[in-house]
Amino acid sequence: MRSTARLFLIAALSISAGCALPDLKPFAEATRELRESVRQTQHRVQADLDALAKQDAQFKPYAGDFAEAWRVRLDLLDALLDYSASLAALSDAGQSGKAAAAELGDSLNQLADAAGQAGILAKAAIDVGGIVYNVIASVRAAGSIKDAVLAADPAIQDIAANLDKDFEAISKKIESRTVLDAAKVFIQERYEKERGINKAYRSALVKRLQALQEELVQAQNASPPNNSSMSALLSVIAQIEPRIQAANEQLDARAREYEAVERNWEAGQALFAGARKGFRRWAAIHRQLATGLQSGSPPNVALLVGTVQDLKAILDEARKK
Amino acid sequence: MSTDWSQLKSFEDWSGKLRELLDSGAKAAEAARGDVADELLEYADEVSFGDLKRRAREAVKDLALADLQAGTASLRSRSQDLASQQQLIQEVTAQANKDAKSIKLENLNQLAKSATDAITSLKEAKAAIGNGSDLPALATKIDKGLSSLESLRQSLEKLTS
C-alpha cells in the first residue's frame with residue numbers, strides 16, 4: 001500500500017470513529033408491531049360495523065365511512081414501514097461499503113476486459129479502495145440517517161398524536177357502549193321474532209304461576225277443600241311450569257350471546273388502549289433517535305430495546321383478549 | 001341507575017319511565033350515555049307494551065348512531081392531515097433510498113455493467129458485418145460507438161478510483 005493511501009486510510013478510519021451507525025432495528029420492529037395493531041383494529045371494527053349495517057340500513061353509511069378513513073391509516077402505516085426499511089437500507093449500505101466497492105471493482109474489470117484491455121484494477125487496489133470506501137460509506141450513511149430522522153421526526157410526532165386521537169374516537173364513539181347496546185338490541189329482536197322470548201314474557205308467566213299457586217292454597221284451605229278446583233289448578237300449573245323452564249333456557253342462551261358480544265367489545269377496548277400506548281411509545285422511540293443523532297451522541301439502545309419490549313408486551317396482551 | 005321493573009304496572013307507569021330515560025339520554029354527558037342505553041335496553045326487554053318497546057329500542061339505536069356519526073367525523077377530520085404527513089414521510093423515504101443506492105454504488109455499478117454489455121454487443125455486431133463488408137459506414141459507426149463507450153469506461157474508472 002502506498003504511503004499516501006495508508007495516510008488517507010488512517011484519516012478516514014479516525015473520522016469514522018465518531019460516526020457509528022445507530023441501531024435502527026428497534027424502530028423498525030415497533031413500526032411493524034403497530035401496523036399489525038392498526039390492521040387488527042380495522043378487521044375488528046369493520047366486522048362489527050358491517051354486522052350492524054346488515055341488521056339495519058341506518059348503520060351502513062358509518063361502515064363505509066370507517067372503511068374509507070381507515071384505508072388512509074393503513075396506507076400511512078405502509079409508508080411508515082417503507083420509511084423504517086429505508087433507514088435500515090441506509091444502515092446496511094453504510095455497513096457494506098467494502099463489498100459495494102469490491103463489486104464495482106469487479107464490474108470495472110469486466111468492462112476493461114470487454115473493451116479489449118487487461119484488467120486495470122489490480123486486486124490490491126480493489127482491496128484498498130474497498131477498505132477506504134467502507135469508511136466513506138459509513139460516514140455518508142450516518143449523515144443520511146441523521147438527515148432522514150430529523151426531517152421525519154415532526155411528522156412522526158404528529159402522526160402518533162393523530163392516531164392516538166383516532167383510537168380514542170374508536171374506543172369512545174365508534175365502539176362505544178351505546179353501539180354495543182345497539183348490537184344487543186338486534187339480539188333481543190331476533191329472540192322475540194324467532195322464539196317469542198323476552199323478559200316481559202317470562203315475567204308474565206311467573207306472575208300467572210304465582211296467582212295460580214295462591215288460588216291453589218285458597219282451594220286447599222277451603223272447608224271442605226275444593227277438590228275439583230284444585231285439580232283444574234294443578235293441571236294449569238303443570239302446563240305453565242315447563243313453559244317457564246323453556247323461557248329460562250332461551251333467556252340463558254340469549255345471555256350467552258350477550259356475553260359473547262360483550263367479551264368481543266372488551267377485547268376491542270383492550271386492543272385500542274394498547275395501540276394508544278403503543279403509538280406514544282413508538283413516537284418516543286423516534287424522538288430518542290432524533291435527539292441522539294442531533295446531539296451527536298449515540299441513541300440509548302438499551303432504552304430503545306426496553307421500550308420496544310414494553311410496547312410488544314402491551315400489544316400482545318391486548319391481542320390475547 | 002337501577003330500576004325495580006316489577007314496580008311498573010300500568011301503561012302510564014311504563015310510559016313515564018320511558019320519558020324519564022329519553023330525557024336522561026338527551027341531557028347525559030358523553031360518558032353517561034352508555035348507562036342510559038344500558039337501561040333502555042333492559043327497559044325494552046321488560047316492557048310488554050309493543051309501542052313502548054319499539055320506541056326504547058329506537059332510542060338505543062339513535063344514541064349509537066349519534067356516537068358513530070361523531071366518531072367517523074372525527075376520523076375524517078384528521079384524514080387530510082395524515083395524508084400530508086404520509087407524503088412528507090414518503091419524500092424522506094425516497095431520499096433515504098436514493099442515498100442508500102448511491103452509497104452502495106448501485107448506479108455506478110449498473111452503468112459499468114450496461115457499458116460492458118453494450119461493448120460486447122457492438123463487438124459481436126462488428127464481427128458479424130466482417131472486414132470486407134458492404135456496410136463500411138455502419139462499421140465506422142460501431143467503431144465510434146465503441147470509442148465512446150471506452151471514454152465512458154475511463155470516466156467511470158476516474159470517478160471510482
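**Backbone and helix packing**

Modeller: Leu105(B) sits in the loop between helix 3 and helix 4 of chain B. Please bear in mind that this is a predicted model.

Biologist: What is phi of Leu105(B) near?

Modeller: Phi of Leu105(B) is near 60°, a positive value in a residue other than glycine. For context, most residues other than glycine have a negative phi.

Biologist: And is Leu105(B) buried or exposed?

Modeller: Leu105(B) counts as buried because 25 C-beta neighbours fall inside 10 Å, and the cut-off for buried is 20 or more.

Biologist: Which residues are buried in helix 4 of chain B?

Modeller: Asn109(B), Ala112(B), Ala115(B), Thr116(B) and Ile119(B) are buried there.

Biologist: Turning to chain A, which peptide bond is cis?

Modeller: The bond from Ser223(A) to Pro224(A) is cis, with omega near -5°. Most peptide bonds, by contrast, are trans. Pro224(A) lies in the loop between helix 7 (199-221) and helix 8 (227-295) of chain A.

Biologist: How many helices and strands are there in chain A?

Modeller: Chain A has 9 helices and 0 strands. Of its 321 residues, 36% are buried. Among contacts in chain A with a separation of 6 or more, 82% join residues 24 or more positions apart.

Biologist: At roughly what angle do the axes of helix 2 and helix 8 of chain A cross?

Modeller: The axes of helix 2 (residues 25-55) and helix 8 of chain A cross at roughly 155° and come within 10 Å. The two helices are therefore roughly antiparallel, as that term applies to angles over 145 degrees. Helix 2 of chain A passes helix 8 of chain A in a left-handed crossing.

Biologist: Which residues make that contact?

Modeller: Helix 2 of chain A contributes residues including Phe27(A), Leu34(A) and Arg44(A), while those from helix 8 of chain A include Gly274(A), Phe279(A) and Trp282(A). By class, the contact has 11 nonpolar, 8 polar and 2 charged residues.

Biologist: Now the interface: how many residues of chain B are in contact with chain A?

Modeller: There are 58 residues of chain B in contact with 66 residues of chain A. On the chain B side, helix 2 (33-46), helix 3 (50-103), helix 4 (106-129) and helix 5 (136-160) each supply at least two residues. Helix 3 of chain B gives the most, with 32 residues.

Biologist: How do the residues of that side of chain B divide into nonpolar, polar and charged?

Modeller: The side of chain B that touches chain A has 25 nonpolar, 16 polar and 17 charged residues.

Biologist: How do the axes of helix 6 of chain A and helix 2 of chain B cross?

Modeller: The axes of helix 6 (residues 177-195) of chain A and helix 2 of chain B come within 8 Å and cross at roughly 10°, so the two helices are roughly parallel. Residues of helix 6 of chain A in this contact include Arg177(A), Asp181(A) and Lys184(A), which meet a set in helix 2 of chain B including Arg33(B), Asp38(B) and Asp45(B). The contact has 4 nonpolar, 3 polar and 6 charged residues.

Conventions:
Residues numbered from 1 in each chain as written. Chains lettered and ligands numbered in written order. Predicted model: local features only at pLDDT ≥ 70, side-chain atom pairs only at ≥ 80, totals over all residues. Helix = DSSP H or I, 4+ residues; strand = E, 2+ residues; numbered from the N terminus. Buried ≥ 20, exposed ≤ 12 C-beta atoms within 10 Å, placed from the backbone. Contact = placed C-beta atoms within 7 Å. Nonpolar A, V, L, I, M, F, W, Y, C, P; charged D, E, K, R; others polar. Axes fitted to C-alpha atoms, helices over the stretch in contact; angles between N-to-C directions. Parallel < 35°, antiparallel > 145°, perpendicular 65-115°, else oblique. Left-handed = near helix turned anticlockwise from the far one by under 90°.
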